[in-house]
Amino acid sequence: MKDESEKQNESFDTTDDVQKNPNTQSGELDKVDDSEEKDLSVDESKELDAQAEELTEMSDLDRELRAAEGIEQMRTAEQKAEIINKIRSPEPEGSGKKFILVVAILALLLLTAIGVAGFFYMQQSSATSKANALQAELDTSSQELASLKAKQKAEAEKLAADEAKTAETSKVKYVTISELGVRYKVTDANKALVYGYATKSADTNIDSVAFSTTELARVVKKEGSVDTYPCGLVGGIASPEITRYKKDVMVNGVMASKVGKKIGDAYYVYAQPQSLCSDTLRDAQTARNTAVKAVFDSLEVIPANS
């Protein structure tokens, strides 16, 4: 009993000492905790070193299996599959940045290509527009040149025709019957003709010319002791005549405009002989009459400048 009471007293004393000097007890407790923590840190370090050494010695397959064992505690199969996929196909470090850089470079190249294509398109479009404008000007110039050539050709042809006409006119010879105000071209058929002016009345509105040839004019006809020349320029029944009527009057019951033709301001009528002027040279008389009729058909007004 004495021993137990003594022990209780000692414990009470100890409690009193602790209460009187709490720092002393806490210090002792801190020392105990520190020592325990030190021991625990050493143990953990050793355990981590052992695990690191073990992981170093493990193969890649073992690491994957170890990681897979930890995955079993996940909630869903999708999460497990995703983690396994990441373990087996880990993303290389910096792959996201590299991908963004590649995309940026490709975008820059694309924009550059579009810009270059647009530039060349504009250049091509400008060149095409200029070429079309030049072609239009060339076509217009070609048309104008063709028109000028056609006009020049027409003028040259007209000039050539005028010159040919002038040359032809200079070669052509005319017989001018100034008494009647007309003329006719000289031909092989009528070049032997001669004419003489005659009147049939005192009417100044009517006059005529008779035709013959030098051959027929020399034909002699004996009338008693007198020689006559019936095929000469006597007119009338034996010689062809061209009569001018300055007014449209009656000629043998018909208007002059009906039996003849109008040349200028007058009317001209051809009259063929009613009989032969001689029994000889019949063919010569027929040729003469035909030639005079052709002269009548070709009569024209004497030009003012001739």
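Let's start with Asp297, which is partly exposed, with a relative accessible area of 46%. Keep in mind that the model is a predicted one. The side chain of Asp297 meets that of Lys293 in a salt bridge, at 3.0 Å from N to O. Lys293 is partly exposed too, at 34% relative accessibility. Both sit in helix α8, and because they are four residues apart there, about one helical turn separates them.

## Other salt bridges

How many salt bridges are there? The count comes to five. In general, side chains of opposite charge can pair when their charged atoms come close.

Another of these pairs is Arg244 with Asp207, where the closest N and O atoms are 2.8 Å apart. Arg244 belongs to strand β7 and Asp207 to strand β4 (residues 206-213), so this pair ties together parts that lie 37 residues apart in sequence. Are these two buried or exposed? Both Arg244 and Asp207 are buried. Then there's Asp188 with Lys191, whose closest N and O atoms are 3.8 Å apart. Here, both Asp188 and Lys191 are exposed.

## The disulfide

You'll find one disulfide in the structure. As a reminder, that's a covalent bond between the sulfur atoms of two cysteines. The partners are Cys231 and Cys277, with their sulfur atoms 1.7 Å apart. Cys231 sits in the loop between β6 (226-228) and β7 (241-245), while Cys277 sits in the loop between β11 (266-271) and α8 (282-297), so the link ties together parts 46 residues apart in sequence.

The link of Cys231 and Cys277 is right-handed, with 100° about the S-S bond. Both cysteines, Cys231 and Cys277, are buried.

## A three-stranded sheet

Next, look for an open sheet of three strands, in the order β1-β2-β12, with antiparallel pairing. The edges are β1 (174-177) and β12 (300-301); each has a single partner strand, so one side of each is left without a neighbour in the sheet.

Strand β2 (residues 182-185) is joined to β12 by two bridges, and these strands run antiparallel. Across from Glu300 in β12 you'll see Arg183.

## A nonpolar patch

Which residues make the nonpolar surface patch? They are Leu101, Val102, Ile105, Leu106 and Leu109, and the patch covers about 480 Å². Leu106 lies in helix α5 (residues 95-171). Since the cut-off for exposed is over 50% relative accessible area, Leu106 counts as exposed at 52% relative accessibility.

Note on methods. Residues numbered from 1 in each chain as written. Predicted model: local features only at pLDDT ≥ 70, side-chain atom pairs only at ≥ 80, totals over all residues. Heavy atoms only, no water. Disulfide = S-S within 2.5 Å. Buried < 20%, exposed > 50% of the residue type's maximum accessible area, 1.4 Å probe, protein only. Patch = residues over 30% accessible without salt bridge, like charges linked within 9 Å, V, L, I, M, F, W, Y side chains within 5 Å. Areas by Shrake-Rupley, 256 points an atom, 1.4 Å probe, with all protein chains shown as cover. Salt bridge = Lys/Arg side-chain N within 4 Å of Asp/Glu carboxyl O. Pairing = 2+ DSSP bridges.
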